Amino acid sequence: MSDDDGIESVEEFEAVVSEVGAGEGMYVLRLYMAGLTPNSRRALENIKEICEKYLAGRYELEVIDIYQEPVLSRGEQIIAAPTLVKQLPPPLRKFIGDLSDTERVLVGLDLKAR
Amino acid sequence: MEFTLALRACGIASGAENLGKGWAMAIETPGGDQGITKSPTGITGLDQVTGGGLPAGRITLLVGGPGCGKTLLAMEFLVRGVTDYGEPGVFIAFEETEQELRENVATLGFDLDHLIEEGGMHIDHVSIDRSEFEETGEFDLEGLFIRLGYAIDKVSARRVAIDTIETLFAGLPNEAIVRSEIRRLFRWLRDRGVTCVVTGERGSTTITRYGLEEYVSDCVIALDHRVTEQVSTRRMRIVKYRGTGHGTNEYPFIIGGRGISVLPITSMKLEHEALTERVSTGVGQLDTMLGGEGYFRGSTVLVSGTAGTGKTSLAAAFVNAACARAERALFFAFEESPAQLLRNMLSIGIDLQQWVDSGQLRVIANRPQTYGIETHLVDMHREIDDFQPRVIAIDPATSFTSLGDFFQVTAMVSRLIDYFKSKGITALFTNLTPGAAAVETTEAGVSSLMDTWVLTAVEESNGERKRKISIVKSRGMEHSNRIHDFLMSERGILISERAPSGEETR
């Protein structure tokens, strides 16, 4: 896995998109949490809420416990917990913290103009 | 802490063993170390100045500006841990990738690939790009802890190096969280009982730029790289080492082909054995002048005089005699090439070539200006450790005055002498006295350190330059007090048996 795990080529991008089974506007998110700490729990609640409200039907959220997947978090260069990684649409972005700053999350997800 | 100490108790034995290496006689043993277990670094000289190594199961902060050798020192600590003490290590690199690290330390002869394959070492590159991060609320650095914990468990690490943790401040938006997390990380590392080296950039007002020293209270070592008169010297100082005595000076160190070498200056003690065996000077009549038997084995001899008085010839005769006794000899030539030296000595009937061919004599010729004084010193040490000679000639010791000031050269020569004595090596230094100066001045002011001082001079009389030789001093033996005539011809060196005045020599 490369350092940023970004999408390197058009082919790769399309492959990922078709795998997801949707066209434009599809969001692929990964939430890395450290067990069930208060921060992690809040982050999970917050992102679920945001997704349901703004991305209903066009998102995929994968939750990864870094305690269980230390190798995966190494590849993704995860050092802070919780970390939300927006894999699609590009550009790749990382949100650290409990995602309670909804404004920032929305701007970062390009769901709201800066 | 009891837990940690008990765990590390096995480290004591290996620490003590290590003290016997290299600078055997040179150990300055700081007293009152009962409270602290030390983890030997295996780095030449560093274990001496720290009195046995870094605090085991604790954290040592390594501070310095860019390019001062922090990363290499941290890496050597891990590599030696694996190769010399069987302690696996984890290297967390915030600045360099694994590939860059491998390449950089390959120059020191460390084969990281091999160590990693064998499972002795794990390198983890943590990359932090601030532009990637969006801070959206409370967070902690549990991800880093997990990665570190995973790496430690993977190789059962006893040693950890973190280079350099300050990158977190630049990479993450919330300094308050980073600070509290670093504090937590250090506590966590101590609880795991690993011996840890953390590097940090030197700050302008504080020891480190981000005040890491607040969190590391066990041991702080500062590295420095200075250029004086175009000669660069690296230096190391132990700023603090809680719970133990330590050397407080600045110690020069070099990064050489085989890793880092630290030179403890003041740790030498005057407690070498005094040998009673005598060795020939290589000139029969000079032996006679020295009570009939020559120099003491393990003593230090100075041959001084103005240009062209036969100093190098006396050095060659001495080396020649040693080889004839089937001993090994090392000749450091700072003015002539080996070929030139061999040719010139053959002209006075001293055939050194045969000893070079038989492998008993090694001639090492270097321009003194090639590198700094410390590098010369370390180089000489390496040659000596490598070749294990019984006899050494340094021709001339005065060359070093072009490299440093009076104090530095004197310090260097005294360190060399101590080293030779600790190994029972008989050493002969030649010393050029400038024509205008008093004959009994030695440029480096080292005569008081010498056991035997032979003075050569030229006297002009009756339209002729005549060589003279005399013994200024020779500790612990009866010696001639007369000035003798001294001739060099193709038959060798001849010294008049009787003093020119016709009186008996003593």
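**Questions on chains A and B**

Reader: Between which two strands of chain A does P89(A) lie?

Author: This is a predicted model. In it, P89(A) belongs to a loop of chain A. The strands on either side of that loop are β3 (83-88) and β4 (93-96).

Reader: What is omega for the cis peptide bond that joins P90(A) and P91(A)?

Author: P91(A) is placed in the loop between β3 and β4 of chain A. The peptide bond that joins P90(A) to P91(A) is cis. Its omega is about 5°.

Reader: In what order do the elements of chain A run from the N terminus?

Author: Chain A contains four helices and four strands. Read from the N terminus, their order is α-β-α-β-α-β-β-α.

Reader: What percentage of the contacts in chain A with a separation of 6 or more comes from residues 24 or more positions apart?

Author: Chain A has 114 residues, of which 46% are buried. Among its contacts with a separation of 6 or more, those between residues 24 or more positions apart make up 62%.

Reader: What is the phi of D110(A)?

Author: Most residues other than glycine have a negative phi. D110(A) lies in the segment after α4 (102-108) of chain A, and is partly exposed because its relative accessible area is 44%. Although D110(A) is not a glycine, its phi is positive, at about 60°.

Reader: Is Q388(B) buried or partly exposed?

Author: Q388(B) sits in the loop between α14 (373-387) and β18 (391-395) of chain B. Its phi is positive, near 50°, although the residue is not a glycine. Because its relative accessibility is 45%, Q388(B) counts as partly exposed.

Reader: Which side chain of opposite charge is nearest to K311(B)?

Author: K311(B) lies in helix α11 (residues 311-324) of chain B. A polar atom of its side chain is 3.4 Å from the backbone oxygen of G305(B). K311(B) is buried and has no salt bridge, a label that requires a distance within 4 Å. At 6.6 Å, the nearest side chain of opposite charge is D395(B).

Reader: Which residues does S313(B) touch, not counting those up to four places away in sequence?

Author: S313(B) also lies in helix α11 of chain B. It counts as buried because its relative accessibility is 7%. Leaving aside residues up to four places away in sequence, S313(B) touches M345(B), I348(B), I350(B), M488(B) and I493(B).

Reader: Why do the buried residues of α12(B) line one face of the helix?

Author: In helix α12 (residues 338-346) of chain B, the buried residues include L341(B), L342(B) and M345(B). They line one face because, seen down the helix axis, the buried residues fall within an arc of 95°.

Reader: Which exposed residues does the face of α12(B) turned away from its buried side carry?

Author: On the buried side, the cover of α12(B) includes α11, β16 (329-333), α13 (353-358) and β17 (361-365) of chain B. The face turned away from that side carries the exposed residues A339(B), R343(B) and L346(B).

Reader: Which residue of β23(B) is the bridge partner of F486(B)?

Author: Strands β22 (residues 484-489) and β23 (residues 492-495) of chain B run antiparallel and are joined by four bridges. They form a hairpin with two residues between them. In β23(B), the partner of F486(B) is I495(B).

Technical notes
Residues numbered from 1 in each chain as written. Chains lettered and ligands numbered in written order. Predicted model: local features only at pLDDT ≥ 70, side-chain atom pairs only at ≥ 80, totals over all residues. Heavy atoms only, no water. Buried < 20%, exposed > 50% of the residue type's maximum accessible area, 1.4 Å probe, protein only. Lys, Arg positive; Asp, Glu negative; His and termini not counted. Polar contact = N/O pair within 3.5 Å; in protein donor to acceptor, adjacent residues only side chain to side chain. Arc of directions from axis to C-beta. Contact = heavy atoms within 4.5 Å. Pairing = 2+ DSSP bridges.
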